[in-house]
Amino acid sequence: MDSIRIQGGIALQGKVRIQGSKNASLPVLAATLLVGECSFIRNCPRIADVHSMVSLLKSLGCSVRWQESGILVDATRVRKGEMPREAVKGMRSSLCLLGALIGRYGEAVMEYPGGCVIGKRPIDLHLSALGQMGVEFTEREEGLGARAESLHGACINLPFPSVGATENIILAGVAAEGDTVLEGAAREPEICTLCRFLCCCGACIEGAGSSRLVIRGGRRLRGCEFMVPADRIVAGTYLMGCIGAGGNVFLEKAPAEEMGAVLLAAEKMGGRVCISGEGIYVQAPGRPLPVRLVTATHPGFPTDLQSMVLAVETRGCGDTSIEETIFENRFRIVEELEKMGARIERTSAGCVTVRGTETLQGARVHARELRGGAALVIAGLMAEGESIVDGYPFIYRGYENICRDFRELGARVTSV
Ligand code: UD1
């Protein structure tokens, strides 16, 4: 399955259940390493990145089993083994194993992590924060070497609220001697989920969801059963799919409380949104209205859904300006959308203006990263005639089955 074939021009109708969150599952799975017992993590999505994390945990000696409703990780007997290079290089979130490994063993060796090609993605904030907690880093043939003679709490001030660095500080902090006070922490919902999991295991972390965290280190962690919440980015993807293709959909389990900025943008784009205890209803009456969008850290508009707005506004009834402030390479889909007749101008570094046009034509386009790939599928749903999106494996990194989900909503989408 390398490509997705889409017959466009059909308004969406129906309901789809939102999968568990990728960005919450990955750090929680990494955190199971710190628990010297069994953890049962429910509602992990069956996606490539979670499979990679499972194989990384296995390579470290954990016993990991998929069950019907979740993943059972037994980290009683783990070893300092080397992690498979390919799995580390293919996934940026392998980086949160760094904090967990240092927490468990006081040392780690890992290849520099990869992930989507959406920017430079340096790791300086991770290294400097862990450095303040007593970790020393060395360049090794196998990659990055890390070692802490005595891992200790520290007062850390992050100059930018990096999600991954905040996760690493939390993971190392719960295992460290003494307290860690983190100022400038990321406030993304996935940070709250990681803290909830660790607290469920017996850790003490105060301030989750705010920019100041206090992590009380050195407590014994016990295994627990934990439920990963639904994926706000997948929910936002299908919501934007509805705004683009038109129609009427119900996003079952969508975490509305985490999606404030996205729901506001959807309404400005002409969508009608209604929140119930079970999920989100969306109704999209006609061509999208133009907006001015600026991505930001949480609770601002998430960078992961910027490409979807870009794709949808190619059919907007006016000009939309988009400013990307988090990852500089998120505009790689522009030339693919242009193959479908979109009119997009790069106005300055990090900014584009989308000049809405009445119709897009189906075309063969290439996904080069996860979220941009999903946005191209949305463009295919909006276009007249048939589109093929190549590069399906990128999309499978984060969506269990995007074809099945859009078919549930009445679209004609198949993997080929
Ligand atoms: C996580 C999410 C990703 C999301 C992003 C921002 C996961 C698996 N991925 O990525 O989907 O788009 O948060 O919400 O959860 N930076 C540095 N130095 C560092 C670390 C980061 O300069 O040491 C920069 C990055 O290059 C980027 C920005 O900070 O420009 C945001 O990165 P960060 O918040 O760390 O994102 P990730 O954790 O990689």
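How many bridges join strand 18 to strand 20, and in which sense do the two strands run? In this predicted model, in which local features need pLDDT of at least 70, side-chain atom pairs count only at pLDDT 80 or more and totals for chains, interfaces and linings use all residues, strand 18 (residues 319–323) is joined to strand 20 by 5 bridges, and the two run antiparallel. Residues are numbered from 1 along each chain as its sequence is written, and side-chain values use heavy atoms, with hydrogens and water left out.

Helices (H or I, at least four residues) and strands (E, at least two) are DSSP runs numbered from the N terminus, and two strands pair if DSSP finds at least two bridges between them. Strand 20 also pairs with strand 19 (residues 343–348), in the antiparallel sense and over 5 bridges. Within strand 20, T353 stands opposite S321 and is also the bridge partner of E345, while C351 is the bridge partner of S348. The hairpin of strand 19 and strand 20 has 2 residues between the strands, and in this hairpin G350 takes a positive phi near 85°. Of the 5 residues of strand 20 (residues 351–355), 4 are buried, so this strand is largely enclosed by the rest of the structure; here buried means under 20% relative accessible area, exposed means over 50%, and partly exposed lies in between, with a 1.4 Å probe and protein chains only.

These strands belong to an open sheet of 4 strands with the order 17-18-20-19 and mixed pairing. Strand 17 (292–294) and strand 19 stand at the edges, where each has a single partner strand, so one side of each is left without a neighbour in the sheet. From one strand to the next, the twist averages 20°. Angles run from 0 to 180 degrees between N-to-C directions, and axes are lines fitted to C-alpha atoms, for helices over the stretch in contact. Helix 10 (residues 306–313) lies across strand 17, strand 18, strand 19 and strand 20, and runs at about 165° to strand 18, where contact means heavy atoms within 4.5 Å. In the loop between strand 17 and helix 10 lies P299, and the peptide bond from H298 to P299 is cis, with omega near 10°.

A further open sheet is formed by 4 strands in the order 9-10-12-11, again with mixed pairing. Its edges are strand 9 (155–157) and strand 11 (204–206), each with a single partner strand, so that one side of each is left without a neighbour in the sheet. Neighbouring strands of this sheet are turned by 15° against each other on average, direction ignored. Strand 11 and strand 12 (residues 212–216) run antiparallel and are joined by 3 bridges, with C204 standing opposite R216 in strand 12. Helix 6 (residues 163–175) packs on the sheet and touches strand 9, strand 10 (179–183), strand 11 and strand 12, its direction making about 25° with that of strand 12.

The axes of helix 1 (residues 22–31) and helix 2 (residues 48–59) come within 10 Å and cross at roughly 5°. That angle makes helix 1 roughly parallel to helix 2, given that angles under 35 degrees count as roughly parallel, over 145 as roughly antiparallel, 65 to 115 as roughly perpendicular and the rest as oblique. K22, S25, L26, L29 and A30 of helix 1 make the contact with D49, V50, M53 and L57 of helix 2.

The largest nonpolar core has 72 residues, and those with the most contacts inside it are M240, I402 and F406; such a core is a set of buried Ala, Val, Leu, Ile, Met, Phe, Trp, Tyr and Cys residues joined through side-chain atoms within 4.5 Å. Leaving aside residues up to four places away in sequence, I402 touches I4, Y238, A374, V377, Y392 and I395. Another core, of 71 residues, lies apart from it and has A24, I47, V73 and L182 among its members.

Most residues other than glycine have a negative phi, and most peptide bonds are trans. N43, in the loop between strand 3 (38–42) and helix 2, has a positive phi near 70° and, at 26% relative accessibility, counts as partly exposed. K253 has a positive phi near 75°, is placed in the loop between strand 14 (247–252) and helix 9 (260–268), and counts as partly exposed at 45% relative accessibility.
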